[in-house]
Amino acid sequence: MLSTVVAALAVALTGLIAWQTAAHGAEQRERDQLARQATVLSRLPALSEALFTGAQVLAGPNGVQLAVIAPDGAVSGTATPVDRASKSALLAGKPVSTTGILGGEEVLLVGRPGVRGGAVVLTEPYAVVAENTNQIRRNVVVPLIVGMLGAALAGALLARRIARPLVRAAQIAHRLAADERGVPAPVDGPRETADIGRALNVLDEALAHSENRQREFLLSVSHDLRTPLTALQGYAEALADGLIEPERVPKVGGVLADETRRLDRFLRDLLDLARLEADDFRIDRAPADLGAVVAEAAAFWTGPCARHGVGLRLERPGRPVVVETDAFRVRQLIDGLVQNALRVTPEGAPLVLAVRAAPDGGAELQVRDGGPGLTDDDVRIAFDHGALHERYRGSRPVGSGLGLAIAHRLTGRLGGAIRVEGHGPEGGACFTVTLPPAPGRA
């Protein structure tokens, strides 16, 4: 409907412009014709009453009349509405094109200076211009009506061609919003509607992939929750039924404590990930020396690494590495990456915690290990919820499956970026966190 209205308005506007310009065009045509006639007469050797005979021929049905201005300024002839300014201009050798009043009627007036002095003046009733204007406008009306009808028809056809795929796209969008998947959108019609169809197909695939990942993640979460809960329930029932010998109670208590801590760690990871997804997650930015933050983390992790037979090495420059960030969240990020690396680093292999200034004024943090590393396909999915956990749960020590997803989201909240290499200098995985410089310090 809108395209039909726009097309009709465009034709109507064109017709209105033509209607308004018809008068100007008719007047200009009559002036041009008078100018040509006056130019011919002005080239006669002598301007005199003898021209009056020719004037009768010129007049014809249009009522053209002639006047002659002698070199001394005397005006003779039937057309005498020449004012003083026009007469002076003509005697000075300048052409004149204006209007005047002759016999109480408005006329067009065109004058040309003669080749031997004097001038020729022709007049024509303005009514001729009005009549020609009306004729032009009558000739415009029919094409204008036909054009408007044609524009309306073309607009309706165009609207139908555009609206049909848009209606289909809207229907598909509603079906996607209603959790229906695998709904193909047509990719046809005009380029814009075809782009919408392609976008809906991409959205459909993305939603399906995301929901599959969420489904797999929930299945993994349920499995990881069920394992410690099953152990807790079994030992609790055995204790309640008196099936545990007194000498085994401390050992069973230790198992229950371990499973409780495991469950608590998993739930904390879930809560951390949920908080990171919230819009009100708090980041308190202030100048922070990352060298000091990394050294503090290394001091904490030296003990756990030693108990696992892993040598922790700290690499930092001799000068402070200062950026504007949240030091508490950076420490949280480092702890998560180190914990993840320590889990897969075998006894005797190194674990490196490094920090250095970036060329743009920011900073880079690295956690490198001497573990088994990651494949190229592992690198591609490393930060997806539970992806590596599901892949390696039967062959490597794994945690909750959320640690790397938390690290990725936390880095984004800090305004930085995190990337992973499957095999770093120590042979295992290498995680690099890049934090941006403070505003104005890049």
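The largest cavity holds about 60 Å³ of space, a cavity being a set of points on a 1 Å grid over the protein atoms alone where a 1.4 Å probe fits but cannot get out, with its volume taken as the space filled by probe spheres set on the points, which are joined across faces, edges and corners. The model is predicted, so that local features need pLDDT of at least 70 and side-chain atom pairs count only at pLDDT 80 or more, while totals for chains, interfaces and linings use all residues. Residues are numbered from 1 along each chain as its sequence is written, and side-chain values use heavy atoms, with hydrogens and water left out.

Searching the whole structure gives 2 cavities of 30 Å³ or more. Residues count as lining when they have an atom within 4 Å of a point, and for the largest cavity they include V294, L333, L365, Q366 and F431. Helix α8 and strands β10 and β12 (430–435) each give two or more residues to this lining; helices here are DSSP runs of H or I with at least four residues, strands are runs of E with at least two, and both are numbered from the N terminus. By class, the lining has 9 nonpolar residues, 1 polar residue and no charged ones, where Ala, Val, Leu, Ile, Met, Phe, Trp, Tyr, Cys and Pro count as nonpolar, Asp, Glu, Lys and Arg as charged, and the others, Gly among them, as polar.

The second largest cavity, of about 40 Å³, is lined by P165, R168, A169, P186, T193, I196 and G197. Here α4 (126–177) and α5 (191–240) are the elements that give two or more residues, and the lining divides into 4 nonpolar, 2 polar and 1 charged.

Turning to charged contacts, the model has 12 salt bridges, each a side-chain nitrogen of Lys or Arg within 4 Å of a carboxyl oxygen of Asp or Glu. Three of them are listed here.

| Pair | N to O distance |
|---|---|
| R331 and E296 | 3.0 Å |
| E315 and R368 | 3.1 Å |
| D377 and R391 | 2.9 Å |

R331 lies in helix α8 (residues 327–344) and E296 in helix α7 (residues 290–307), so this pair ties together parts 35 residues apart in sequence. R331 is buried at 15% relative accessible area, buried meaning under 20%, exposed over 50% and partly exposed in between, with a 1.4 Å probe and protein chains only.

E315 in strand β7 (residues 311–315) and R368 in strand β10 (residues 363–369) are 53 residues apart in sequence; E315 is partly exposed at 29%, whereas R368 is buried at 7%.

Conventions:
On a 1 Å grid over the protein atoms alone, a cavity is a set of points where a 1.4 Å probe fits but cannot get out, and a pocket is an open set with protein on both sides within 12 Å along at least five of seven lines; lining residues have an atom within 4 Å of a point.
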